[in-house]
Amino acid sequence: LSVPPEIPKGDDRPKWDNKFQYILSCIGFAVGLGNVWRFPYLCQIHGGGAFLIPYFIALLFEGIPLLHLELALGQCLRKGSIGAWNAISPYLGGVGVGSWMVSVLVSLYYNTVLTWVMWYFINSFQEPLPWSVCPLNENRTGLNKECYESTAVNYFWYRKTLNITPDVTESGTLQWWLILCLATCWAIVYLCTIRGIETTGKAIYVTAIFPYLVLTIFLIHGLRLPGATEGLAYLFTPNLNTLKNPRVWLDAATQIFFSLSLAFGGLIAFSSYNPPKNDCEKDAVTVAIVNSVTSLYASIPVFSVLGFKATTGYWDCLDRNIIRIINEFDLPEDSIMRQNYTDWISFLNLSHPEKIAGLKLKSCDLQEFLDQSVSGTGLAFIVFTQAIILMPGSQAWAILFFIMLFSLGLSSMFGNIEGVFTPLLELRIVSKSIPKELLSGVICSICFLIALCFTLGSGSYWIDIFDSYAGSLPLLVIAFFEVIGVAYVYKIKRFSKDVKWMTGRKPNLYWQITWRFISPLLLLIVFVAFVTLQTQNSPSYAAWNPKYEGFPMKEEKVYPPWVRAICVLLAALPCVFVPLVALFHLIKRRRRSKDSSFAPPEVFSCQGANS
Amino acid sequence: MLRVLLLTLSVVAIARAELCKPDAQNAFKVRLSIKTALGDNAYAWDANEEYLFKAMVAFAMRKYSSKSTTQISNVLLCNVTDRVSFWFVVTDSSEDVTTVPASEVEAAIRMNRNRINSAFLLSDKTLQFLKITSTLSPPVEPSTPVWLIIFGVVLCVIVAGIVFLIAAGIQQRKKKNKESTERENLEEKGEVTVAVENGIPCEALDLKSGHINGVFAADDERFTSL
């Protein structure tokens, strides 16, 4: 008997090569620049070791449940963010669109930060490092004025890299060197995401593992630097009094939330490429714990180096004072050392108080140097680069540091781009015959052209705006609706059954309680607190203005009304899709319900799609 | 006679002391930081080093102006401290009464700063002539900025990678298209049917040989031969 041919119709959705690739991609997406330059700063200003308490509480009640929710959702529905939320309920489709919108906005500015990293990386191959010396002024009589008044490191960052304008309204010109680096960065992103997870899956082995190697090298080197122990003690000494400040709890909650890259849609996209029967509960716990441990692990070398920098600054201050005293009193060179400096000062103050007063010595206090805490780009491009100059073999350390930052950022970019790419592939807007390479090329080119705005003189002010408004508030809103949507629209009972089908065991009491009550409540509180704090102070920014009287201090300026309107637009645009899409479907249903032949839509079930 | 000699000597000594004192006219303060520069190899500052210094200043004056006939004895040092710092002044060779103008001394020292520094194994920073500024060296700028070279290398690698991946993708797609069109053509002509019998494609089976039923195979042997 010849039976008609039955060619097995396999699922032609792309797959991860192995589970390790998937876990590594999620970890790479979660572990980003914030783990290196935001967590140590928060630890420092919020009472050191005491900050870990609200941090872990937030992780337990907010981070892990939301992460598990997203991974389970993507795995069950096997669609990107837009398709997944449409499948849960058409009224919740706006949540998916909002996620997609946020991923687009963040991709735009995140790659510009990588552009800056690349620029510093390329410049690290010179001897001496360009941010270690001030250039001469035009007639070669002295050092460049702007550089002399601030520091060489500040000058290189604000003038040679950003060529920053004194005001956000002054756009300045496009900086050609930044455009070249931006093009390179987008070319690298295109190269790695050209065929979706086929190519990112290979690239992630390097970009996700390499930062850990470099962090370890920096850890070993950093701990051997003088002053490292002071830095670490300063970082980790717990001060439990700070826990009384609600700001600390808010910062912990937001840090966990943004650090795990929740509500971007990227995690849903990643897990949608998984086989349906995969233990997403274990994955979620693994990724969350690895992310937090990485934050802690990264803060050790960062603070060793910061302690080294503070100690070196303190010693320099002392040495300068000592030289001035020795020159003034014509004492032998080795008479005053750092150790007996205070004794000598008190002795000289008694014998020659007028001379000492006339010298106008600067008071050197180690605590003051340690207190100079910075986060974000300031930490990487100003403070850390200054510390690197002081280390022997600075070129090698600079190159390693900037490659590490680049890998960290690149693996996060993969997640962002996947969050944009996957829903587009599934929407019927894009026809199936278009090759993936073309689609990713189009996305990368459009993003590159729009991101050219960030290479203007005022670009870094705009990136701060995007970061504060597009990359923060909408995520809280979307995550809140995610949890509410799954817990109360899709119903937890159904979701638990789906998770049981995928992992083999029913989600236990912890998951039930957090999904139903604790996480939504926590998100609501965080959202309200966040909005209250933002609206309390009128939004202002710190501008770098060489003509300011207080230069090199930054000038505090207020955003003009049109910029404030853009801020509100950025924050509102992703959120507004949630009610808009719901309204759209409501109107559609009302119109259809007038037509009697309308059949109620099928109830979607996760198992039904896969059995 | 002896008294006159003594008197003239003391007058000369007083006159010299008048010429060289802190903040005197045309006097310069010098400050050395030998321990900072040389560390363990630092030498002690003694009368011999002072003699060398006087010799170097005299050398500088002679080199600066060929007419100059400055002797070592014309360079006067005073107020040597433990720091090591002192004042010096250069007197006119003929009369030990007036000092050489500060501008000339400054120009002479600037011209020969390198030689003076090397004689003492020091640098501009560790052998300071207060009030005499050193000229700043121009920065070394390579013809092509280094970063452009590195950038070019990185960009070439990336573009090569992209081109390779796109080409590989196009090739793969062409192969897939060729395979699927071949299959379609053959199926249309009906020559090859992927017939399946019990899960085994018939091509794998030996159709020509057929199935031999053992029961009937031994037909011939059932009957006895006649």
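# Close-up views of a predicted two-chain model

**Overview.** Over all chains, the structure holds 2 disulfides, a disulfide being a pair of cysteine sulfur atoms within 2.5 Å. The model is predicted: local features need pLDDT of at least 70, side-chain atom pairs count only at pLDDT 80 or more, and totals for chains, interfaces and linings use all residues. Residues are numbered from 1 along each chain as its sequence is written, chains are lettered from A and ligands numbered from 1 in the order in which they are written, and side-chain values use heavy atoms, with hydrogens and water left out.

**View 1. A disulfide joins Cys134(A) to Cys147(A).** The S to S distance is 1.8 Å. The torsion about the S-S bond is about -90°, so this disulfide is left-handed. Cys134(A) sits in the loop between α6 (93-123) and α7 (145-149) of chain A, and Cys147(A) in helix α7, so the pair ties together parts that are 13 residues apart in sequence. Helices (H or I, at least four residues) and strands (E, at least two) are DSSP runs, numbered from the N terminus. Cys147(A) is buried, with a relative accessible area of 1%. Buried means under 20% relative accessible area, exposed over 50%, and partly exposed in between (1.4 Å probe, protein chains only).

**View 2. The loop between α6 and α7 of chain A holds Pro128(A).** A cis peptide bond joins Glu127(A) and Pro128(A). Its omega is about -5°. Cys134(A), from View 1, lies in the loop between α6 and α7 of chain A as well.

**View 3. Cys317(A) and Cys364(A) are joined by a disulfide.** Here the S to S distance is 1.8 Å. The link is left-handed, with -80° about the S-S bond. Helix α14 (residues 280-329) of chain A carries Cys317(A), while Cys364(A) lies in the loop between α16 (353-359) and α17 (366-371), so the pair ties together parts that are 47 residues apart in sequence. Cys317(A) counts as buried, at 3% relative accessibility.

**View 4. Two cysteines of chain A, Cys185(A) and Cys567(A), are shown with their nearest cysteine sulfurs.** For Cys185(A), the closest cysteine sulfur is in Cys181(A), 6.7 Å from its own sulfur and too far for a bond. Cys185(A) is buried, at 0% relative accessibility. Cys567(A) is in no disulfide. The nearest cysteine sulfur to Cys567(A), that of Cys575(A), is 14 Å away. Cys567(A) also counts as buried, at 3% relative accessibility.

**View 5. Ala263(A) and Asp330(A) have positive phi values.** Neither title residue is glycine. Phi of Ala263(A) is near 65°. Ala263(A) lies in the loop between α12 (246-259) and α13 (266-272) of chain A and is buried, at 0% relative accessibility. Phi of Asp330(A) is near 55°. Asp330(A) is placed in the loop between α14 and α15 (341-351) of chain A. At 19% relative accessibility, Asp330(A) counts as buried.

**View 6. A nonpolar patch lies on the surface of chain A.** Its members are Ile434(A), Leu438(A), Val442(A), Ile446(A) and Ile450(A). Together they have about 410 Å² of accessible area, from the Shrake-Rupley method with a 1.4 Å probe; for residues, only the protein chains shown count as cover. Patches are made of residues with over 30% relative accessible area and no salt bridge: like charges are joined within 9 Å, nonpolar side chains (Val, Leu, Ile, Met, Phe, Trp, Tyr) within 5 Å. A salt bridge is a side-chain nitrogen of Lys or Arg within 4 Å of a carboxyl oxygen of Asp or Glu. Leu438(A) lies in helix α20 (residues 436-451) of chain A. Leu438(A) is partly exposed, at 49% relative accessibility.

**View 7. Chain B has 8 helices and 6 strands.** From the N terminus on, the order is α-β-α-α-β-β-α-α-β-α-β-β-α-α. Of the 226 residues in chain B, 27% are buried. Among contacts (heavy atoms within 4.5 Å) in chain B between residues at least 6 apart in sequence, 58% join residues at least 24 apart. Chain B exposes about 15900 Å², and carbon and sulfur atoms supply 58% of that area.

**View 8. A cis peptide bond joins Arg83(B) and Val84(B).** Omega is about 0°. Val84(B) is found in the loop between β2 (75-78) and β3 (85-90) of chain B.

**View 9. Residues 146-170 of chain B are listed by UniProt as "transmembrane region" (unreviewed entry).** UniProt positions are given in the numbering used here, feature names are shortened, and annotations may be inferred rather than shown by experiment. In the model, the span is 100% helix and 0% strand. Its end C-alpha atoms lie 37 Å apart.
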